Amino acid sequence: MRLLRKVLDRVAPTFEEGGRLSVLYPLFDAVDTFLYTPANNTSEPVHVRDAVDFKRMMITVALALFPCGFMAIFNTGLQANRAMAVAGLSATSGWRGAVIDALGSGYDPACLWANLIHGALYFVPVYIVSVSVGGLWEGLFAVVRRHDINEGFLVTSLLFPLALPPTIPLWQVAAGISFGVVIGKEIFGGVGYNFLNPALTGRAFLFFAYPASFSLDEVWVAVDGLSGATPLANAAAGGMQALDITYMEAFLGTIRGSMGETSTLACLIGAAVLVITRVASWRVMLSMLAGALCMASLLWGVGSETNVMFSMPPHWHLVLGGFAFGTVFMATDPVSSAMTFAGQYIYGALVGVMVITVRVVNPAFPEGVMLAILLGNTFAPLIDYYVVRATIRRRALRHA
């Protein structure tokens, strides 16, 4: 590490002001500050002393996402190996089959390593494309605007593949992350100026632009030629009796669905990390949970003779689809969610109510988390505005 530090110090003048490659200083600074603490520190007393900066916040979010990343790899391989066992397939085709044969891990769904290796062969390429293309756009805009590259894109490039199917074409991954970073964030000024969650913006783009290959109610089994339906789609089509899973399976995440969204347990572990470190707002999580439970209980109590989704008990909504993942990691985005404390309660409740409304009232679209959070993003500035105005009025009356 000392040798690397010396190398960076030696080439630094080339990228600094007046150097031959000064236009590329944001790229050099991104590498330097990512590996080491910045050399320029405040020597005089400061107003706020806090060990938490933007880099540490983003690293904390990345660590909180680790359980979901592990389940993304494991469950992708598990679902693929299970499907192969049911279909009587002894091997998968293409380069992935060659890698598995070379490693000798096999396709046994009861084997941890077989599931991890098979799942990694799908998740890792998607992640590499996401972080590479997303980082390319971040670097390009940083160079043009001559501002620092922040670590926010590392979280976006990890959230995005966790919300995707394992069999999605890699060129669509590149298109989706490009849309999310450029249209969802950079054209508004970059981190701190975007009003939409970039990862969800990219996912929404893929859903509407390529509906044939990106559906929210089809099962994404990482085996060519095998498909089915997610638990939510089964429930929308045939009611609770159509579910072929147990509640514990749904809670643990060993069910069909997007790569990183299936495990409520993994999301709860991530939520504990974010809440303890005060990186994410527990108010958003709690109010979104309360809003969803209240709306689900209301519709469950009302019932319907024509819509079987009304018969789903409220607690089942919490473990199916991307509700837990969206609640913990997407809705709590500090930039695109509400800023005020009161506004966070209103924002979270609005998103929770809309999730259940979309899921239940529109059975043709059984997963409503993505659209509900994006809707909440658009209302967040308005919510904060009226909360601030109300606070000003109360203070004016109190001190009149």
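Visitor: Which residues does E186 touch, leaving out those up to four places away in sequence?
Guide: E186 touches E138, F141, R145 and V181, where contact means heavy atoms within 4.5 Å. This is a predicted model, in which local features need pLDDT of at least 70, side-chain atom pairs count only at pLDDT 80 or more, and totals for chains, interfaces and linings use all residues. Residues are numbered from 1 along each chain as its sequence is written, and side-chain values use heavy atoms, with hydrogens and water left out.

Visitor: And is E186 buried or exposed?
Guide: E186 is buried, with a relative accessible area of 1%, where buried means under 20%, exposed over 50% and partly exposed in between, using a 1.4 Å probe and protein chains only. E186 lies in the loop between α8 (170-182) and α9 (198-209), and helices here are DSSP runs of H or I with at least four residues, numbered from the N terminus.

Visitor: Changing topic, how many residues does the largest nonpolar core have?
Guide: The largest nonpolar core has 83 residues, and L65, L274, L320, F325, F329 and Y347 have the most contacts inside it. Such a core is a set of buried Ala, Val, Leu, Ile, Met, Phe, Trp, Tyr and Cys residues joined through side-chain atoms within 4.5 Å.

Visitor: Which helix gives the most to this core?
Guide: That is helix α17 (residues 369-398), which gives 8 residues.

Visitor: What is L65 in contact with, apart from its neighbours within four places in sequence?
Guide: L65 is in contact with V155, L158, L159, L162, F325 and F329.

Visitor: OK, where is V61, and what does V61 touch beyond four places in sequence?
Guide: V61 is in helix α3 and touches V155, L274 and V279 once residues up to four places away are set aside. V61 counts as buried, at 12% relative accessibility. The C-alpha atoms of V61 and L154 are separated by 9.7 Å, although these residues are 93 residues apart along the chain.

Visitor: Where does R278 lie, and is R278 buried or exposed?
Guide: R278 lies in the loop between α12 (264-276) and α13 (282-302), and R278 is exposed, with a relative accessible area of 76%.

Key:
Helices (H or I, at least four residues) and strands (E, at least two) are DSSP runs, numbered from the N terminus.
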